[in-house]
Amino acid sequence: MSRAVIDPATLAGRAIDTVLGLVGRTDRPAGEDDTGSGRWLKVTVYRAPDDVRTAVDGTGPLSRMRHEIEVTVRPAPGDKGTELAARPTAPDGGSVDLRRAIRGALREQKSVLECGEVVQPSRPGSSHPGPAGQVLRAVTSRAWGEGRL
């Protein structure tokens, strides 16, 4: 009697493909769907607009990308803080990696403004060596730039 040996990385890759098939793939190039070139990426920050404007113009994560993006700061609807928005200045909407970088920078800027630091999950996120742990590590490693977790 022989036993088939399955590589855990292959199994994790299949699991990721299955999950992406269920929730929708997010590796589409900009412009194929509603993530097109004119779409703003936004966060709402619980701070006054002047505080946010000063931080964005200073040395924050968004200021490092200033030559590639357009940024707007305005009061959030319902007087609930400030709406901080950014989008690529490239006519084609930029690459998928650029949009992920913008999302990450917006989240970092929000965290710095509200908490004073970038809050990170505890490490290691999952110490389980099996396929479930590998899937969880793969998903959480991409979550900062895209999606919700």
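Student: Leaving out residues up to four places away in sequence, which residues does G60 touch?

Tutor: G60 touches A55 and Q109, residues up to four places away in sequence being excluded. Contact here means heavy atoms within 4.5 Å. The model is a predicted one, in which local features need pLDDT of at least 70 and side-chain atom pairs count only at pLDDT 80 or more, while totals for chains, interfaces and linings use all residues. Residues are numbered from 1 along each chain as its sequence is written, and side-chain values use heavy atoms, with hydrogens and water left out.

Student: Where does G60 lie, and is it buried or exposed?

Tutor: G60 belongs to the loop between α2 and β2. Helices (H or I, at least four residues) and strands (E, at least two) are DSSP runs, numbered from the N terminus. G60 counts as buried because its relative accessibility is 11%; buried means under 20% relative accessible area, exposed over 50%, and partly exposed in between, with a 1.4 Å probe and protein chains only.

Student: What separates the C-alpha atoms of G60 and A105?

Tutor: A distance of 8.5 Å separates these C-alpha atoms, although G60 and A105 are 45 residues apart along the chain.

Student: Changing topic: what is the strand order of the sheet?

Tutor: The open sheet has three strands in the order β1-β3-β2, with antiparallel pairing. Its edge strands are β1 and β2, each pairing on one side only. Two strands pair if DSSP finds at least two bridges between them.

Student: Why is β3 described as largely enclosed?

Tutor: Six of the seven residues of β3 are buried, so the rest of the structure largely encloses this strand.

Student: Which residues touch the most other members of the largest nonpolar core?

Tutor: They are V52, L62, I69, L84, I102 and L106, in a core of 17 residues. At least two core residues come from each of β1 (41-45), α2 (49-57), β2 (69-75), β3 (82-88) and α3 (96-115), and α3 gives the most, with five. A nonpolar core is a set of buried Ala, Val, Leu, Ile, Met, Phe, Trp, Tyr and Cys residues joined through side-chain atoms within 4.5 Å.

Student: What does V52 touch, not counting residues up to four places away in sequence?

Tutor: With those residues not counted, V52 touches V45, R47, V73, T82, L84 and L113.

Student: And which residues of α4 are buried?

Tutor: The buried residues of α4 are G133, V135 and A143. Seen down the helix axis, they fall within an arc of 160°, so they line one face of α4. That arc is taken over the directions from the helix axis to the C-beta atoms.
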